[in-house]
Amino acid sequence: MPELSYREAVRDALSRAMRKDEDVFIMGEDIAEMGGSMGVTQGMLAEFGPQRVRNTPISEMALAGAAIGAAVQGMRPVAEIMYEDFLTLATEQIVNQAAKHRYMSGGQVTVPVTFRTQGGSGWSPGAQHAQQLEAWFVHIPGLKVVFPSTPTDVRGLLWSSIYDDNPVVFFEHRTLYGIKEEVPEELEPIPLGKARVHREGDDVTVIATGRLVHEALAAATDAENDGVSVEVVDPRTLQPLDEDALIASVKKTNRCVVAHEAVTRMGFGAEVAAIVQHGAFDWLDAPIERVGAKFTPLPFAPVMEEWCVPHAKDVLEAINKTLARNT
Amino acid sequence: MAKVEQKGALSTEELRDFFREMLLIRRFEEKVEERFRAGELPGFLHVAIGQEAVAVGVCRALEDGDVIASTHRAHGHTLAKGTMPNELMAELYGKLEGCSHGYGGSMHLYDVERGNMGANAVVGGGLPQITGMALAFQLRGEPRVAVAFFGDGATNIGTFHEALNLAQLWKVPAVFVLEDNKWAESTPESQHSPIRDLSKRAEAFGMTAIKVDGQDVEEVYKAAKKALDHARSGKGPVFLHAGTYRLVGHYIGDPQVYRSKEEQQDVRQHHDPLTFLRQKLEITDEEFEEMDADVQEVVDASVEFAKNGTDPRPEDAMKNVYA
């Protein structure tokens, strides 16, 4: 089995789709010669040429809107929004247009577009290059939202996103690009809306996304040393959400922690907590704990940045809290 | 309504057909005003009275397979692009038989089969997508053109500049039709734009701009043909600047406190595209009345059709969110 980094896995999914299908093409800022600000599309210009690997001006409204328009006419474009923060510039097109065409037309229009973007803390980029904004898009009916945390998942889910007939906002986490994993020789599509249990456990369920999946797995190892058995579940797709899998896990463990890097307040974890408490109320032995960033823009100074966003120790603390409440 | 195939001058017969369609739009819009005032129509309604020649002149110049994106003032474009009055009126009444099946309403009219890719209630919202639709045609080598309608107010918004820049950069087959009625809702052009000639905005991107009197349907048709030929032949997008007049308020019921009664009267008297064409074609009173009665019948029938249409079930609201 070949070993691929998360970055290479994204590139592999894009390249395989483009080899298979003339309707798939990619567009974005600096994605051609430079290969993208994170190097994801390196080498693709040479293979596919400038018609299908399209550098755009720094012009998020136009590039998002043009991708939507091409999708409406039957193409399957993948538009790269260089940083999640720049989604703000394309939000009108994504939220008012892509998400609503099918609905407003009474089902006449199909919008098979994928918006890839990346973000996250870790490199001190400051407040305008590190946000985690997935919760905004999960709030919009008509959009699908995907946030993979491993090379295998990112490859299989990107493929499914490209071939989904709905607009998909596809979040990648910057600090995950380098992680490597053995992946199957053939790309195995992963259906949208299926959670993945990364580790089975009996005492607490941690529902985590993105970078926090890895922090949760580290916390689970630490907890195990204290005799606590932790189950780690990654929804992978935030919309549609695999509610059944999350509720089933909590019914088994009776305790739940929700963890993401985005700001805790009004975050994706709040919705997960609501769903879990409703679906597993009689099984819960402790209040659901949430782990996320503090309610502040991301600061520049590394010591402040480090302090604002959650790490494995914060997940562990939350795990222990759910246990302490019951003792 | 036969499609005009020739590219040159129009015959009197063809122009009479254009006149009939403009009259249909006019009477349709007047009926919409009437039914809105009677409390029958929900939603926000913007009628295109005064701008009929732009809609008809441009849409009659299109080929099969060409697509349009419209604006909040969409009834005229929609009828001119071939949607039946019954289907349009049914949409305004929120019925399943409507052209958007009751999910869109006046500001979100779609008729994909006939190439209407949607009216947009966000000013300038459709422009980047027209660039993208034209890109799809270019990538697949299809001889099709994507056409955006928008008003002068839209030339100030970012999507306008970004969409035109990208369209010209990539030389996609698009035509951007500015319906310059000199008003952005209640704000006159002098208050919303520092320049008087809005074509300069397109020329700044290196785009070919064509100016036309938007009240003269024959001129609009000829200019649109020229623009479409240019775009279709791979020479890049065209900015078609049609000077026009909104003979009524921004929305139905707009008291127009921002423009004087004299001006309102002046535009109605001197800038009505129907009056102009009627005189040009020397349509007699008798001929006009016959045509008008015929058109009124179509419009009245559309109201009957709409009123007898099917209400969606409330829970139908959950359909069509995802494909």
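Me: How many bridges join strand E1 and strand E3 of chain B, and in which sense do they pair?
Reply: Strand E1 (residues 67-70) and strand E3 (residues 146-151) of chain B pair in the parallel sense over 3 bridges. Two strands count as paired if DSSP finds at least two bridges between them. As for names, helices (H or I, at least four residues) and strands (E, at least two) are DSSP runs, numbered from the N terminus.

Me: What is the bridge partner of Val67(B) in E3(B)?
Reply: Val67(B) has Ala146(B) as its bridge partner there.

Me: Before we go on, what kind of model is this, and what pLDDT do local features need?
Reply: This is a predicted model: local features need pLDDT of at least 70, side-chain atom pairs count only at pLDDT 80 or more, and totals for chains, interfaces and linings use all residues. Residues are numbered from 1 along each chain as its sequence is written, while chains are lettered from A and ligands numbered from 1 in the order in which they are written.

Me: OK, back to chain B. What's the strand order in the open sheet of 6 strands?
Reply: The order is E2-E1-E3-E4-E8-E7 (chain B), with parallel pairing. Strand E2 (116-119) and strand E7 (208-213) of chain B are at the edges, each with a single partner strand, so one side of each is left without a neighbour in the sheet. On average, neighbouring strands of this sheet are turned by 15° against each other, direction ignored.

Me: And which strands does helix H9 of chain B touch?
Reply: Helix H9 (residues 217-232) of chain B packs on the sheet and touches strand E4 (174-180), E7 and strand E8 (238-243) of chain B. The direction of H9(B) makes about 165° with that of E7(B). Angles run from 0 to 180 degrees between N-to-C directions, and axes are lines fitted to C-alpha atoms, for helices over the stretch in contact.

Me: Switching to the interface: how many residues of chain A are in contact with chain B?
Reply: 34 residues of chain A are in contact with 33 residues of chain B. Contact here means that the C-beta atoms of two residues, placed from the backbone, lie within 7 Å.

Me: Which element gives the most on the chain A side?
Reply: H3(A) does, with 9 residues. By class, the side of chain A that touches chain B has 13 nonpolar, 18 polar and 3 charged residues. Ala, Val, Leu, Ile, Met, Phe, Trp, Tyr, Cys and Pro count as nonpolar, Asp, Glu, Lys and Arg as charged, and the others, Gly among them, as polar.

Me: At what angle does H3(A) pack with H5(B)?
Reply: Helix H3 (residues 60-72) of chain A and helix H5 (residues 127-140) of chain B pack at about 50°, with their axes 6 Å apart. That makes H3(A) oblique to H5(B). The cut-offs: under 35 degrees is roughly parallel, over 145 roughly antiparallel, 65 to 115 roughly perpendicular, and the rest oblique.

Me: Is that crossing of H3(A) and H5(B) left-handed or right-handed?
Reply: The crossing of H3(A) and H5(B) is right-handed. A crossing is left-handed if the near helix is turned anticlockwise from the far one by less than a right angle, and right-handed if clockwise.

Me: Which residues make the contact?
Reply: H3(A) brings several, including Gly65(A), Ala66(A) and Gly69(A), and H5(B) brings Ile130(B), Gly132(B) and Met133(B), among them. By class, that contact has 12 nonpolar, 5 polar and no charged residues.

Me: Which strands of chain A does H3(A) lie across?
Reply: H3(A) lies across E2, E4 and strand E5 (114-119) of chain A, running at about 165° to E4(A).

Me: What's the order in the open sheet of 7 strands in chain A?
Reply: E3-E2-E4-E5-E7-E6-E12 (chain A), with mixed pairing. Strand E3 (53-55) and strand E12 (237-239) of chain A stand at the edges, each with a single partner strand, so one side of each has no neighbour in the sheet. The twist averages 20° from one strand to the next.

Me: How far apart are the axes of H1(A) and H7(A)?
Reply: The axes of H1(A) and H7(A) are 8 Å apart, and the two helices pack at an angle of about 30°. H1(A) and H7(A) are therefore roughly parallel to each other. H1(A) passes H7(A) in a right-handed crossing.

Me: Which residues meet there?
Reply: Tyr6(A), Ala9(A), Val10(A), Asp12(A), Ala13(A) and Ala17(A) in H1(A) meet Pro151(A), Val154(A), Arg155(A), Leu158(A), Trp159(A) and Ile162(A) in H7(A). By class, this contact has 10 nonpolar, no polar and 2 charged residues.
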